[in-house]
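User: I'm new to reading protein models. Could you walk me through a few features, one at a time?

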Amino acid sequence: MLESMRELDPVAQWLREAQAAVAFTGAGISTESGIPDFRSPGGVWSKSQPVDFEDFLARPAARYEYWRQKAAQHRDFADAQPNRGHYALAKWEQQGRLQGVITQNIDGLHQVAGSRRVWELHGTSRYVSCLSCDSRFDAESMVERFLAQDEPPACSHCGGITKHATISFGQRLPSAVLEESILFSQRSDLFLAIGSSLVVHPAAGLPAIAIQHGARLVIVNRDPTPLDDHADAILRGSIGETLARIDASLDSC
Ligand code: NAD
């Protein structure tokens, strides 16, 4: 197993040879864009408990708390720009080296960086949707409405309950996105798990599916994960720096 920044070249070589490389990203790829992850000190959960979906539907007070938290996080998301890690993945997709990105992130930064094929397992915080009529609204304007009126904004089409287009605890993952993610994980020959603690399921099961089907697994993450023993390489450095150096290695040949 490879375990240091000096060992980037073999990873670049695997990426060069891969026929079906897939990236899987978590909150860690966006910390260098200024968006805190969940589990590191200072992360989102050190400040507030998430509102689960059943509670959100059942109680107006829970809906208020949900919107209060979303409004507080909104600027972190809205002002963030992609970093070297997002740009490297977008470039590899454009070069035909990467099939796409399966992400647990809700920040939309892969698309801003230029990635085209992005499977958002947990939805996106860029939009708010109506739970009754499925209308979609720009998150910015809905957060402004919440802050102006100090109550959750109702759907302007049907008056229904609105919620960010993200998947809360207790809410089902979008089945089409999950099915495609499983399919691409099964078919991958190189699976890059980047910036995820690999503990949130079912998303974190995807690297396991990939290795069961014969893929090489590369983990790029500062902290240990439950799949470290199964990885062909573990790169513990900063994600932006690590992916930029792999990219430089790819360019140098
Ligand atoms: P996590 O918080 O559980 O784990 C993030 C991992 O990234 C940690 O193990 C940490 O060691 C590593 N990390 C952080 N910054 C790093 C850096 N610069 N270089 C190298 N490693 C770094 O994240 P998760 O596994 O994605 O699960 C959390 C859930 O939170 C997901 O479901 C996701 O939807 C959600 N979330 C998303 C965002 C976002 O969209 N940016 C932010 C916070 C949480």
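User: Let's start with one residue. Is Thr 103 buried or exposed?

Analyst: First, keep in mind that this is a predicted model. Thr 103 has a relative accessible area of 2%. Buried means under 20%, so Thr 103 counts as buried.

User: Where is Thr 103 placed?

Analyst: You'll find Thr 103 in strand S2, which covers residues 98-103.

User: And which residues does Thr 103 touch, leaving out those up to four places away in sequence?

Analyst: Its contacts are Thr 25, His 110, Val 118, Trp 119, Glu 120, Leu 121 and His 122. With Thr 25 there's a polar contact between the two side chains, at 2.7 Å.

User: Okay, now sheets. How do strands pair in a sheet?

Analyst: The general idea is that strands pair through backbone hydrogen bonds, and the pairing can be parallel or antiparallel. Here, look for an open sheet of three strands in the order S5-S4-S6, with antiparallel pairing. S5 (136-138) and S6 (162-166) are the edge strands, each pairing on one side only. On average, neighbouring strands in this sheet are turned by 45 degrees against each other, ignoring direction.

User: How many bridges join S4 to S5?

Analyst: Three, and S4 (residues 123-130) runs antiparallel to S5. To see how they line up, find Ser 129, which stands opposite Arg 136 in S5.

User: Which helices pack on or lie across these strands?

Analyst: Helix H3 (residues 60-78) packs on the sheet and touches S4 and S6, with its direction at about 45 degrees to that of S6. Then there's helix H6 (residues 139-149), which lies across S4, S5 and S6 and runs at about 80 degrees to S5.

User: What describes two packed helices?

Analyst: Two things: the angle between their axes and the distance between the axes.

Terms used:
Residues numbered from 1 in each chain as written. Predicted model: local features only at pLDDT ≥ 70, side-chain atom pairs only at ≥ 80, totals over all residues. Heavy atoms only, no water. Helix = DSSP H or I, 4+ residues; strand = E, 2+ residues; numbered from the N terminus. Buried < 20%, exposed > 50% of the residue type's maximum accessible area, 1.4 Å probe, protein only. Contact = heavy atoms within 4.5 Å. Polar contact = N/O pair within 3.5 Å; in protein donor to acceptor, adjacent residues only side chain to side chain. Pairing = 2+ DSSP bridges. Axes fitted to C-alpha atoms, helices over the stretch in contact; angles between N-to-C directions.
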